[in-house]
Amino acid sequence: MKIGYFPGCSLKGMARAYDESTKIVAEEFGIDLMEIEDFNCCGALEIKGSNEKLSYMLPARVMDSAKGRFNVDAVVTPCNGCYHSLLRTNEAMNENNASKGDVISFLKDVGYGTYEGDMDVRHFLELFYNEIGPEKVKSSVKKTLKGLKVASYYGCLYERPKTITKTGYKSKRDDSENPYFQDELLKATGAEVVEFHASASCCGGAHALQDESLAATLSAAVLSSAKEAGADMLVLPCPLCGAALDIKQPEIIKAHGEKAKLPVVYFTQLIGLSIGKSPKELKLSDPISNPMEVLKAKGLA
Amino acid sequence: MAENTDKMVIDGVELTGIWKEFLPSRILYEDVTTEFLDEVKKLPGGSTIVRCYQCGTCSGGCTLPDFVDKFNPRRFIDLVRRGHYDILVNENKDLVWKCVSCQRCTHRCPRGVNTQEVVRAIAKFLEDRKVFGKLTNDEAFDEIFMEEVIEDGRIDEVKIVKDFYSKTGRLKEMMSSDQIALGFKMLTSGRIKLFGGKIKDWKKVSQRLKEELQ
């Protein structure tokens, strides 16, 4: 299948392991990701709270680029934040928001002028679950992850809020209170998914800079709950949670102790590992939280 | 319901199901000023505040009360709608902006209130009225973010962290040994690029976005 690919800013920076492992996994399973090379920032939370019109124009330009260049009606992103921004804009356009006319004339001025709403916005986790699925992963496993205990963490914007994700209304969307798509995919690799109550809790990443001690407290709660549940590592589908839980982990440990020390990886890295890709190409040495140590100890890397 | 039901009171709360005693009445026959409500309604994301019927689902599921004492979205909305500006400023101004945007409130709201965006609008309302007496971290970050998106089209993680610390007068913290070690690892592994990728023809888009802001 062919689909527009919007990596977002984080995947071109600190979360490049997520970008590269996503591409590897997609290629292996026959998903043709057509990268929107001249993409701009989705605007994230910051623009949304400052200027409503701009908060639609930025994501609209991304979708317009996908449509104009590749003539696709679907766009996929691996980032929870970008997913939220694109869906929110698409929803506003489809509901004839007061800014719609301005957004369209903006795109005619500076873009292809092809996008007016009605884009199928997908999250890479949801897309991978629905189009490929656990069965196909299971039959492609070359190196089982048996013996590895993982906590499957989703973050916030992947399944919430239902007003824009349409969880519970639209088929193909994950369960919004108890998401399970990632759990099922991880089980298919042979890994054991531990019961973990914070799987859809907030990591506090939105305030990682503005209110560091609160963000660290929320992150510590997620990490320690995964560790208490017996997990060897935390697996996630969001580069913003990745920044909060992995890159900030040394600071979190300083404030909250060793109970918050836990390797963090992206789900695409583990799926890649199970189908025989090397830790090097999957960039498993990238995380600050050092997943290689436990992978080596278990004979998986 | 019968008038003379025996009462059961626990911790001062009547629990026999006589609702007017169980929950204080939310329909208040008092003179309310809608001045503040009108202002919040007009801010980005604020319009759905009028839909709230004060059920409390937002506060019940909220991430923050476990970590931030007295954080209560239902109350923020109530205070704005009833025009209780003094209580909002004196007791809640340091709480409102702490929302981490987890979206549980918006997700579960049975009335379609975009609660997260409404809470952000209330924080912005307070910022606009200068009740904090200084530039808040949130304002500082939003301003830098807006500038950098418009100028470059993308966010460079290192640049934005540096500019944020600089704007809030904490540049020294960035020079701690931990931060330098982290920066070194990022740089040597190629995750920090000193010359970020440029977007083709962004100048034109940037110009157009600037016009939009005027």
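Trainee: How many residues of chain B are in contact with residues of chain A?

Mentor: A word on the source: this is a predicted model, where local features need pLDDT of at least 70 and side-chain atom pairs count only at pLDDT 80 or more, while totals for chains, interfaces and linings use all residues. Residues are numbered from 1 along each chain as its sequence is written, and chains are lettered from A and ligands numbered from 1 in the order in which they are written. Contact is a C-beta criterion (two residues whose C-beta atoms, placed from the backbone, lie within 7 Å). On the chain A side 45 residues take part, and the number for chain B is 44.

Trainee: Which helix of chain B gives the most to the side that touches chain A?

Mentor: Helices here are DSSP runs of H or I with at least four residues, strands are runs of E with at least two, and both are numbered from the N terminus. Elements that give two or more residues to this side include helix 7 (115-128), helix 9 (157-167) and helix 11 (202-213) of chain B. With seven residues, the top contributor is helix 8 of chain B.

Trainee: And by class, how many residues on that side of chain B are charged?

Mentor: Ala, Val, Leu, Ile, Met, Phe, Trp, Tyr, Cys and Pro count as nonpolar, Asp, Glu, Lys and Arg as charged, and the others, Gly among them, as polar. The side of chain B that touches chain A has 17 nonpolar and 12 polar residues, and the charged ones number 15.

Trainee: Which strands stand at the edges of the sheet in chain A?

Mentor: Four strands of chain A form an open sheet in the order 2-1-3-4, with parallel pairing (strands pair if DSSP finds at least two bridges between them). An edge strand has a single partner strand, so one side of it is left without a neighbour in the sheet; in chain A these are strand 2 (32-35) and strand 4 (120-123).

Trainee: Which helix of chain A gives the most to the side of domain 1 that touches domain 2?

Mentor: Chain A is divided into domain 1 (2-122) and domain 2 (134-297), bounds that come from an automatic or database domain assignment. In all, 24 residues of domain 1 of chain A are in contact with 26 residues of domain 2 of chain A. Helix 1 (16-28) and helix 4 (80-94) of chain A each supply at least two residues of this side of domain 1. The greatest share, nine residues, comes from helix 1 of chain A.

Trainee: Which residues touch the most other members of the largest nonpolar core?

Mentor: A nonpolar core joins buried Ala, Val, Leu, Ile, Met, Phe, Trp, Tyr and Cys residues through C-beta atoms within 7 Å. Leaving out residues up to four places away in sequence, B:Ile122 touches B:Val40, B:Phe76, B:Val80 and B:Val96. Of the 148 residues in the core, those that touch the most other members are A:Ala226, A:Leu234, A:Val235 and B:Ile122.

Trainee: Last one: is B:Gly190 buried or exposed?

Mentor: B:Gly190 is placed in the loop between helix 10 and helix 11 of chain B. A residue is buried if 20 or more other C-beta atoms, placed from the backbone, lie within 10 Å of its own, exposed if 12 or fewer, and partly exposed in between. Since B:Gly190 has 10 other C-beta atoms within 10 Å, it is exposed.
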